[in-house]
Amino acid sequence: MVNFQIKENFYLNGHPFKILSGSIHYFRVHPDDWYHSLYNLKALGFNTVETYVPWNLHEPQKGCFQDEGILDVERFLQIAQDLDLYAIVRPSPYICAEWEWGGLPAWLLREDIRVRSSDSDFLSHLDAYYAWLLPKLVPHQLEQGGNILMFQVENEYGSYGEEKAYLRAVADLMRKYGLTAPFFTSDGPWRACLRAGSMIEEDILVTGNFGSKAKVNFAQMQAFFDEYGKKWPLMCMEFWDGWFNRWGEEIIRRDPEELAQAVMEAIELGSINLYMFHGGTNFGFMNGCSARGQKDLPQVTSYDYDAILDEAGNPTRKFYLIQEKMKEVYPHLDYQEPLIKEARAYPQASLKDKTTLFSNLEQLSKKSSFFYPQNMEELGQNTGYIFYQTKLEKDKEEAERLRVIDARDRIQVYQNQEWVATQYQEEIGEDILLEFPEKVSEISILVENMGRVNYGHKLTAPTQIKGLGRGAMADLHYIGNWDSYPLPLDNIGNVDYTKEWKEGSPAFYRYQIEIDDLADTYLNMTGFGKGVVFINHVNIGRFWEKGPHLSLYVPKGYLKKGENEIVVFETEGRFRESLTFSQEPVFKTDITN
C-alpha cells in the first residue's frame, strides 16, 4: 500500500516527495480528451493532477444527482492513475473557478439559508450532496489503491469569511463519508486570509494561492506557520500561470519566459499546482461573473486562461519553456513529447431553417401566470433566459414611461413584438418611453442570466437572484398580470421551424453540415450579435460580438460522422446565411475599454 504523509515535508512511502501538479477540470474538457490532457501533464514531467468538483453540475436540482459523461469524475481519476498521476481533489461546497455562482447550485437561492456558513439548513443540503458524492471518491484514495493524495475542505474562505465552526462542519462531513486522506485549505498567502480561512488549529494543512514572487509569498506563509509552531511543507495550491477573460475586455497574456522563471522559483522552494495546466471551456451557461464595485462583469465561454495547454489541450510555448527548464534542474524526471491534436476548418454550414422565439414560447416552456412576476429561481430555473409578457393600457396621448425595476442581468423590452430597448444591470430602472398606436399593447421582456458572481462580496444569495425581480412600473405604479416562460433551453429539439420568423427579433437558426472526418474546430460567430450555440443539441456556450472571443471551440467529441445540426439562438436580430469554421480561435482586434 502506498503511503502519503505530511510532516515537515511531503512523504511518499517514507521518501520526501515534491508535488508537481497541474489543474485540469474534468467538467471543462470533453471526456474523449481527458487522456490527451492528462498525458500532456505527465509528459511535462509532473506527477499529480488537481481538479475541483462542481456541486451545481452534480446536483443541478435538489436531490437529483448526475455523474455521467463529462461528470464522470471516477473515470477521470482512473485515467490519471493509469498514467501514473496522483490526484488532488477539491470537493469543497464552493470552488470559485470563474464558474457559475462558484459551483453553488442555484436551487439554494430558493431556500432561506446563508451559504458558506454553519446555517443548519445549508449544512443539511451539503450533507445530502456529500452522502452521494464522497463514497465515490473513497475507493480512489491512495490508501485504498487509488491515487488521491489530499482533499480540500474549503476554497479561499479567508477571502469571504472567518467562521471556524463552518469549516469544522465541512471537515466533519468529509470524514463522516469516509475521506481519510489528508485535508487542506487554500487561501491568499498573507496573514489576514490565512488566519480567517485556515484550520491551522485543527492541524489541517495550509496552502497558498498566488502567481508570482514565490519567495515573498512563501515567506509570509512560513511566518504564519512559525506563529503557530507548525513545521509544514510549503505549497502553492494555485500558481496562476495566466488569467481569465471577460466580455468586452482585451485578452490577458503572460510572457512565457517570465512565467517559466517564476514557476522554477516556486518549485525550488516548495510544491506547486499550476492553475491552469489546461483550462478548457465553460460549456453551456456555466461561465461565472466578476464583481467590481456594484458592476457585474460576466466572464467568457472560453477558459483558455493563457494556460500551459491551450483551450483544445495542445501545448503552448509555456509548456516547452517549463519543460526545458525542468530538464536542466531535475534531469531524472520522466519527460515525453506532448500529444498534439489537429483542428479542421470544415466547409460552411448552410442555413436550413429559422423561426422567432415569440412563435416558439409554448414549444419551449410551460407558461406560469402570476399577478406579480416570479423570478427565475421561484420558477425552478437555474440558468439561461426567462421571458415575461403582460398587457399595458394607453393612459395618455403622449409617450408613456416604463421602468423595469431590479432585474438581472440583461433585459430586452418589446412592444407588440417590436424591440424598444436593451438595458444592462447598471441601466435597469432608467426610463423607457413607449408610444401607443392602439388602446392596448403587449409588453414583452426577455431577461438573460449572464452568469452569477463567483467571488467576493456579491456572492451572497440575494444579489444572485435572476429574472424580473420586483417587476416593472408604468407611470408610478407596478404593473400586474404577468405570464412567465422559463427558457433554460435544455429542450432545443422542440423548436418548431415551420412557425414564423420575424426580422430583428430573438430567433433560432438551424444549420446543417455533413462531416466525414472528425476533428476539433472553431465556429466563427462573426456577424452574429449575442446568444448561444447548440451542436447536435449540446449547448457549447455563449457568443457575443463584444469579444474578445468571436469563435467557439468545438471538441470533435460533440460532432458525429454524417449530418450534424447546429442551432444558433440569437437575441439581437443578426444572423448569417452560412456558418464558417476555423482551425484556430478568432478574436476581436479592436477592443476598447
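**Exercise 1.** What does the accessible surface of the protein chain come to, and what share belongs to carbon and sulfur atoms?

*Solution.* The model is predicted: local features need pLDDT of at least 70, side-chain atom pairs count only at pLDDT 80 or more, and totals for chains, interfaces and linings use all residues. Residues are numbered from 1 along each chain as its sequence is written, and side-chain values use heavy atoms, without hydrogens and water. By the Shrake-Rupley method with a 1.4 Å probe, the surface is about 22400 Å². Carbon and sulfur atoms hold 47% of that surface.

**Exercise 2.** Compare the radius of gyration of the protein chain with the globule rule.

*Solution.* The radius is taken over C-alpha atoms, and the rule is 2.2 Å times the number of residues to the power 0.38. For 593 residues a compact globule would have a value near 25 Å. The chain has 25 Å, which agrees. Buried residues (under 20% relative accessible area, 1.4 Å probe, protein chains only) make up 63% of the 593.

**Exercise 3.** Describe the aromatic pair of Phe27 and Trp99.

*Solution.* Rings of Phe, Tyr and Trp (its six-membered ring) pair if their centres lie within 6.5 Å; planes over 60 degrees apart count as edge-to-face. The structure holds 44 such pairs. Phe27 and Trp99 are 4.9 Å apart centre to centre, with 70° between the planes, hence edge-to-face. Phe27 sits in the loop between strand S4 (20-24) and helix H1 (34-44), and Trp99 in the loop between strand S6 (86-90) and helix H4 (120-137). Helices (H or I, at least four residues) and strands (E, at least two) are DSSP runs, numbered from the N terminus. The two residues are 72 residues apart, and both are buried.

Terms used. Buried means under 20% relative accessible area, exposed over 50%, partly exposed in between (1.4 Å probe, protein chains only). Rings of Phe, Tyr and Trp (its six-membered ring) pair if their centres lie within 6.5 Å; planes under 30 degrees apart count as stacked, over 60 as edge-to-face and the rest as tilted.
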